[in-house]
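Q: Could you walk me through this one? I have not looked at it before.

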Amino acid sequence: MAAQHRTFLIYGHVQGMFFRQSAQEQARQLGLSGYARNNPNDTVTIEAEGLIEALDALHDWCHHGPPAARVTKVEVTAGPMQHYTAFEVRR
């Protein structure tokens with residue numbers, strides 16, 4: 001099964017809630033590579049690559065995130081593979 005690339009844009013009260021670090025932990029457990037970063041408009045972007053089932057599981061997780069987060073919306077888009085080798089937190 002081939003790997004895929006997805007970009008998740010998460011809205012709500014998600015910055016300052018350990019969302020990026022929790023996303024990194026979740027992605028690593030799922031065997032995904034990519035990154036999580038805060039955006040100037042108070043959203044969080046996650047780019048992830050891996051197997052479809054793992055990406056689907058990350059998508060499900062994004063709808064609630066860590067306990068302190070309050071997610072209101074998640075947008076997902078597919079994209080070309082970037083061939084990330086690890087999952088990191090970006091500033």
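**Active-site residues and core**

A: Before anything else, please keep in mind that this is a predicted model.

Q: Where does Arg20 sit, and what does it touch?
A: Arg20 lies in helix H1, which covers residues 19-30. Not counting residues up to four places away in sequence, Arg20 touches Ala36, Arg37, Asn38, Val44, Val89, Arg90 and Arg91.

Q: Which residues does the UniProt annotation "active site" cover?
A: According to the unreviewed UniProt entry, that annotation covers Arg20 and Asn38. They span 19 residues in sequence, yet no two of their C-alpha atoms are more than 7.7 Å apart, so they gather at one spot.

Q: And Asn38, where is its place, and is it buried or partly exposed?
A: Asn38 belongs to strand S2, residues 33-38, and with a relative accessibility of 24% it counts as partly exposed. Leaving aside neighbours within four places in sequence, the contacts of Asn38 are Gln15, Arg20, Thr43, Val44 and Arg90.

Q: Changing topic, how many residues are in the largest nonpolar core?
A: That core has 21 residues, and among those with the most contacts inside it are Phe8, Phe19, Leu58 and Cys62. At least two residues each come from strand S1 (4-13), H1, strand S3 (44-50), helix H2 (52-62) and strand S4 (70-79), with H2 giving the largest share, five residues.

Q: What is Cys62 in contact with?
A: Apart from neighbours within four places in sequence, Cys62 is in contact with Phe8, Ile10, Phe19, Ile46, Val71 and Val74.

Terms used. Residues are numbered from 1 along each chain as its sequence is written. This is a predicted model: local features need pLDDT of at least 70, side-chain atom pairs count only at pLDDT 80 or more; totals for chains, interfaces and linings use all residues. Side-chain values use heavy atoms; hydrogens and water are left out. UniProt positions are given in the numbering used here, feature names are shortened, and annotations may be inferred rather than shown by experiment. Helices (H or I, at least four residues) and strands (E, at least two) are DSSP runs, numbered from the N terminus. Contact means heavy atoms within 4.5 Å. Buried means under 20% relative accessible area, exposed over 50%, partly exposed in between (1.4 Å probe, protein chains only). A nonpolar core is a set of buried Ala, Val, Leu, Ile, Met, Phe, Trp, Tyr and Cys residues joined through side-chain atoms within 4.5 Å.
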